[in-house]
Amino acid sequence: MASKWHGAWSSSSPRERRLRCSAFRLALIQLHVSSIKSDNITRACSLIREAAKQGAKVVSLPECFNSPYGTNYFPEYAEKIPGESTQKLAEVAKESSIYLIGGSIPEEDAGKLYNTCAVFGPDGSLLVKHRKIHLFDIDVPGKITFQESKTLSPGDNLSTFDTPYCRVGLGICYDMRFAELAQIYAQRGCQLLVYPGAFNLTTGPAHWELLQRARAVDNQVYVATASPARDDKASYVVWGHSTVVDPWGQVLTKAGTEEMILYSDIDLKKLAEVRQQIPILKQKRADLYAVETKKP
């Protein structure tokens with residue numbers, strides 16, 4: 001398991017790090033997901049602890065971290081929240097005193113299945129539960145056909161949570177393609193958007209980085225994506241390449257395809273500078289157009 005760093009905190013003392021609330025370390029865990037749920041959970045918790053030891057204050061797991069990705073797997077691996085997987089996440093978040101974005105798991109609730117991200121605070125409490133809003137139903141002839149809607153139901157709520165550093169907006173994978181979601185998160189004060197995702201070998205090289213940079217530039221926010229590690233023997237082969245993009249649209253750091261922890265130091269002063277230099281958020285023409293939510 002490798003680690004990759006972006007930032008320059010290695011010379012800072014723990015006290016200096018705590019005082020710098022305008023900056024914090026983010027860790028994305030690019031987990032190798034097997035067919036054994038208990039092994040996935042154990043491995044994820046071990047890597048979360050390692051990320052916390054390296055100073056990460058916000059940690060994200062990838063989409064479907066406890067289950068192989070596929071419509072045939074979702075019913076088999078689904079569990080309630082709270083349940084086996086999320087209970088372990090709550091415990092390790094409290095143990096490590098971090099904000100933990102639990103990637104996603106197949107969730108069962110009232111006879112329906114959802115692709116759900118649970119977020120836990122440093123005290124182990126459940127802060128928010130984001131159910132994937134936009135289901136991955138695509139057909140690229142000769143390359144890939146996939147229909148999450150065969151087994152999953154869509155969520156119907158936008159999800160944010162607050163940290164001492166900034167407000168964070170959540171999406172899962174295909175949610176990233178919908179610019180309106182990111183715009184609304186920016187309107188609600190989010191400065192970091194996190195998308196656990198599992199793009200594939202068709203959409204990954206074409207759109208994975210492009211979409212992240214677009215969401216970051218359009219809204220002048222940090223964008224982070226946490227992917228599973230690539231397994232060429234899996235029925236669904238993911239692209240990998242977990243990434244962090246800054247509000248200028250610059251890729252700060254990007255993983256390869258193997259299991260690893262990707263670190264990036266998020267500097268909110270940089271975000272403020274970008275918004276001051278190119279003040280598009282103040283220049284929007286509300287008299288001509290608007291993006292609005294239909295639900296609170």
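## Basis of the report

Contact, or touching, means heavy atoms within 4.5 Å. The structure is a predicted model, in which local features need pLDDT of at least 70 and side-chain atom pairs count only at pLDDT 80 or more, while totals for chains, interfaces and linings use all residues. Residues are numbered from 1 along each chain as its sequence is written, and side-chain values use heavy atoms, with hydrogens and water left out.

## Isoleucine 184 and helix 5

Isoleucine 184 is found in helix 5; helices (H or I, at least four residues) and strands (E, at least two) are DSSP runs, numbered from the N terminus. Leaving aside residues up to four places away in sequence, isoleucine 184 touches Leu158, Val291, Glu292 and Thr293. Its relative accessible area is 8%, so isoleucine 184 is buried (under 20%; exposed is over 50%, partly exposed in between, with a 1.4 Å probe and protein chains only). Aspartate 231, 47 residues apart from isoleucine 184 in sequence, is 35 Å apart from it in space, C-alpha to C-alpha.

Helix 5 (residues 179–187) lies across strand 10, strand 11 (167–170) and strand 12, and runs at about 145° to strand 12. Axes are lines fitted to C-alpha atoms, for helices over the stretch in contact, and angles run from 0 to 180 degrees between N-to-C directions.

Six strands form an open sheet with mixed pairing, in the order 10-11-12-13-14-15; two strands pair if DSSP finds at least two bridges between them. Strand 10 (159–162) and strand 15 (251–254) are the edge strands, each pairing on one side only. From one strand to the next, the twist averages 15°.

Strand 12 (residues 190–196) pairs with strand 13 (residues 222–226) in the parallel sense over 5 bridges. Opposite alanine 226 in strand 13 stands proline 196.
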